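Here are my notebook entries from a first look around. Keep the structure open beside them and follow along.

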Number of protein chains: 2
Amino acid sequence: MKIELNKEFIEHLTLLIAQKADPEIIQAIGSLHPADIAEIMEQLDLDEAQYLFLLLDGELAADVLVEIPENDWNSYLKLLPSDTIAHRFIEYLESDDAADVMAELDDDLQDEVLQQMEDKEQAGDIADLLEYDEDTAGGIMATELVAVNENWTVQTCLKEISIQAEDIDEIYYVYVVDDKHFLKGVLSLKKLIMKPTHTPIKSLVTEDAHFVRTDASQEEVAQIMEKYDLVALPVVDQIGRLKGRITIDDVVDIIREEADKDYQMASGISGDVDAGDNVFQRAWTRIPWLFIGMCGGIVGAGVLGSNSSQLAQIPAMAFFIPLIAAMAGNVGVQSSSIIVQSIASGNRNFDSVGRKLFKELSVAFSTAMLFSVLIFLYNFLFNGNMGLTYSVSITLFIVMIFASLFGTVIPLILNKLKIDPAVATGPFITTTNDILGLIIYMTVARMFFEIL
Amino acid sequence: MKIELNKEFIEHLTLLIAQKADPEIIQAIGSLHPADIAEIMEQLDLDEAQYLFLLLDGELAADVLVEIPENDWNSYLKLLPSDTIAHRFIEYLESDDAADVMAELDDDLQDEVLQQMEDKEQAGDIADLLEYDEDTAGGIMATELVAVNENWTVQTCLKEISIQAEDIDEIYYVYVVDDKHFLKGVLSLKKLIMKPTHTPIKSLVTEDAHFVRTDASQEEVAQIMEKYDLVALPVVDQIGRLKGRITIDDVVDIIREEADKDYQMASGISGDVDAGDNVFQRAWTRIPWLFIGMCGGIVGAGVLGSNSSQLAQIPAMAFFIPLIAAMAGNVGVQSSSIIVQSIASGNRNFDSVGRKLFKELSVAFSTAMLFSVLIFLYNFLFNGNMGLTYSVSITLFIVMIFASLFGTVIPLILNKLKIDPAVATGPFITTTNDILGLIIYMTVARMFFEIL
């Protein structure tokens with residue numbers, strides 16, 4: 001039976017929780033998919049969600065936990081004794097999820113849980129996984145996989161698979177290794193079942209299979225799997241021994257995360273924002289960028305202040321400050337986002353920096369030309385002051401070229417310095433360009449009115 | 001042998017193409033993955049890429065074509081006669097890719113190609129697929145899949161699979177249907193090979209399998225596959241008959257596309273931007289947003305112009321125009337991006353509009369409080385004019401609240417009106433808030449100086 005997840009259902013559940021009507025609660029949610037239960041819990045208040053979580057069956061609780069945002073795990077794990085975490089969560093979960101859960105625990109509790117695990121091999125695997133940096137292939141891979149020896153036949157393989165595959169959710173590929181566990185190739189399950197049982201594995205294996213090393217970045221993993229349309233990717237150590245595999249569902253999460261992060265950077269929000277975070281956490285993610293904006297505004301006030309005699313002489317100059325600032329900001333954001341996106345998509349582009357700049361500046365030149373002519377026409381028709389008319393048009397032209405130059409160069413420099421170029425988008429670039437725009441405006445206007 | 005894709009390789013290839021050294025070109029790229037060849041072609045000039053494309057073997061050419069951005073397909077397809085398109089591309093490709101390629105052809109050429117296809121069933125499938133809207137499940141699904149009857153046993157299934165699976169790249173799931181082809185459930189290949197061969201299929205099938213209807217939007221498809229970690233999703237018609245399946249690689253592309261689109265909207269770039277587009281195409285994607293910005297700037301100039309006597313009286317007022325505008329813009333972008341992202345991620349949130357607004361306004365209130373106090377302190381210490389000091393602080397407070405309100409409400413309204421709320425981010429919201437900020441600033445200042 002499919003339950004409609006709607007507001008009424010949530011309200012009904014809240015009522016049941018308030019009444020502590022445990023059997024009714026279990027009946028209402030017990031047959032749902034773990035991802036649906038996790039979604040419901042995000043809609044509830046924390047204490048309601050915790051109450052519901054403790055009612056869940058062992059394995060279901062573990063499946064639900066991994067569907068909840070990682071930030072919230074501690075709110076639930078702290079309710080459980082270490083032996084429950086060991087036996088009902090860590091031992092039950094796939095190794096990548098188990099390691100992720102372990103990573104959220106305090107060091108002491110981590111040791112305790114590892115010691116309480118009965119399967120020492122599994123405990124060893126998890127301890128190994130915890131060693132890898134969490135943003136690398138080693139940090140996201142699972143150790144559960146089906147490996148077969150290159151010297152076997154299809155029949156031996158199929159028998160071995162049914163033994164090895166017990167603990168694995170889904171098998172997409174079978175990994176072929178030699179006697180020393182070096183990765184030799186990959187076989188799809190389809191290929192295996194479509195061949196006569198006596199076929200030697202060696203004759204089926206694709207030798208130029210894609211793989212990554214444990215120290216590859218998660219972005220690199222995502223790019224390879226996306227480009228070659230893979231649903232799983234084997235991970236090897238420095239000398240080529242098979243260590244684990246990464247599945248597409250984890251990569252989908254990475255792609256979503258990276259895209260969200262870049263989007264948030266461009267919007268002036270840092271860190272993870274979650275609908276459930278409280279007001280101060282939410283405010284905190286925005287304050288740094290607003291602070292940059294305010295400092296920029298104060299510097300801008302200083303620039304204008306040092307040109308106050310000029311502004312007093314031609315008050316109409318002030319009217320075009322917002323226009324210059326807005327155009328500088330918009331052009332800067334456009335240019336920087338193009339560069340940031342091309343870096344993020346991992347599209348290798350062998351254009352030299354010079355050629356990238358040339359392309360971007362050609363665009364800047366043509367748009368700057370267009371808009372300075374437009375604003376010239378507007379001011380020529382509706383504004384009597386010819387000095388101001390010329391100043392605004394020339395300023396707009398120069399500002400748009402410079403804004404584009406900055407927007408292109410700053411992300412490229414950051415990327416060279418191994419800093420995420422996304423920080424250069426949004427408020428950072430608009431603020432820089434605002435100030436730049438004001439300085440150019442005041443300088444051009446001064447020159448013009450001195451000449452006239 | 002793995003070839004390093006670098007600048008030298010591209011230069012070497014360009015040279016070979018200039019010399020028309022066909023055998024050397026084929027030797028250089030023949031063993032590469034189609035996705036790599038596509039990437040190389042994007043680095044070449046169009047005529048070089050076309051030359052290379054025509055050298056490719058039939059099937060390889062088709063595989064390379066589907067890896068090239070859709071916008072560029074016509075540049076290559078127009079080089080080919082209709083019978084080549086029919087026999088070497090459409091008949092060879094999986095139905096979803098074949099339909100995508102067909103959709104790029106002119107109507108006349110489309111008819112011609114369909115008539116020249118030898119496999120009439122395949123031609124019919126493709127004609128059916130072309131009927132679906134390209135953003136729906138029907139538009140992205142492929143008709144190649146393995147369907148088995150619920151009354152069979154594992155053995156019959158495995159035999160049937162090896163027949164049906166000939167034409168399919170990979171099988172992840174087997175779809176179980178009844179005699180009338182109604183979808184009854186899903187079986188993973190793993191489950192099938194791990195059971196004794198006489199097991200009846202009915203006893204293995206998962207009845208509450210996820211599926212979508214042909215008219216489901218592609219966003220909905222992506223959300224379901226992402227949430228439930230699926231690598232393939234069956235598609236049924238209005239009454240539940242199995243029509244096709246969607247695989248995760250297409251969904252990864254959709255997720256990437258949607259994220260890129262939202263990011264570009266927030267950055268003030270419309271439409272697809274491709275590194276290969278020429279200067280005018282690139283400029284064209286930016287001009288609409290810059291035009292909005294310029295119109296906003298002109299309106300802003302008007303607002304300031306109608307308050308010119310006030311500005312002339314207190315010239316220092318002009319100094320804080322950039323600050324007010326920048327803060328208004330930043331707050332607006334932050335609020336709107338939070339809403340747009342929560343809508344895009346498909347996280348159902350049962351908070352009422354009122355509660356969303358309340359949460360957002362609480363954040364706005366606390367940040368507005370903080371920054372108006374900060375700017376008050378700055379002006380109090382470094383700026384003698386108390387009227388201006390009060391005006392700027394009060395304006396900043398009001399502007400930040402309003403900017404946040406606008407940033408939240410406009411995307412919600414657009415979403416209700418079924419317009420993509422992403423259009424409300426970026427230049428649109430900053431321009432609106434710039435003008436709003438100026439009006440509030442002038443109004444507050446007028447009231448203050450009248451009182452003092």
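How many bridges join S4(B) to strand S5 of chain B? I found two, and S4(B) and S5 (residues 232-236) of chain B run parallel. (Strands are DSSP runs of E with at least two residues, helices are runs of H or I with at least four, and both are numbered from the N terminus; two strands pair if DSSP finds at least two bridges between them.) I also looked up B:Val212, and its bridge partner in S5(B) is B:Val235.

A note on what I am reading: this is a predicted model, where local features need pLDDT of at least 70, side-chain atom pairs count only at pLDDT 80 or more, and totals for chains, interfaces and linings use all residues. Residues are numbered from 1 along each chain as its sequence is written, while chains are lettered from A and ligands numbered from 1 in the order in which they are written.

Next, I followed the whole sheet. It is open, with three strands in the order S4-S5-S6 (chain B) and mixed pairing. S4 (212-213) and S6 (242-247) of chain B each have a single partner strand, so one side of each is left without a neighbour in the sheet.

Then I turned to the two chains together. Their contact (C-beta atoms, placed from the backbone, within 7 Å) takes 93 residues from chain B and 93 residues from chain A. On the side of chain B, helix H16 (residues 279-305) gives the largest share, 16 residues.

Last, I checked the domains of chain A, whose bounds come from an automatic or database domain assignment. I noted domain 1 (7-135), domain 2 (147-257) and domain 3 (279-451). The centres of domain 1 and domain 3 of chain A, taken over C-alpha atoms, are 49 Å apart.

How values were computed:
Contact = placed C-beta atoms within 7 Å.
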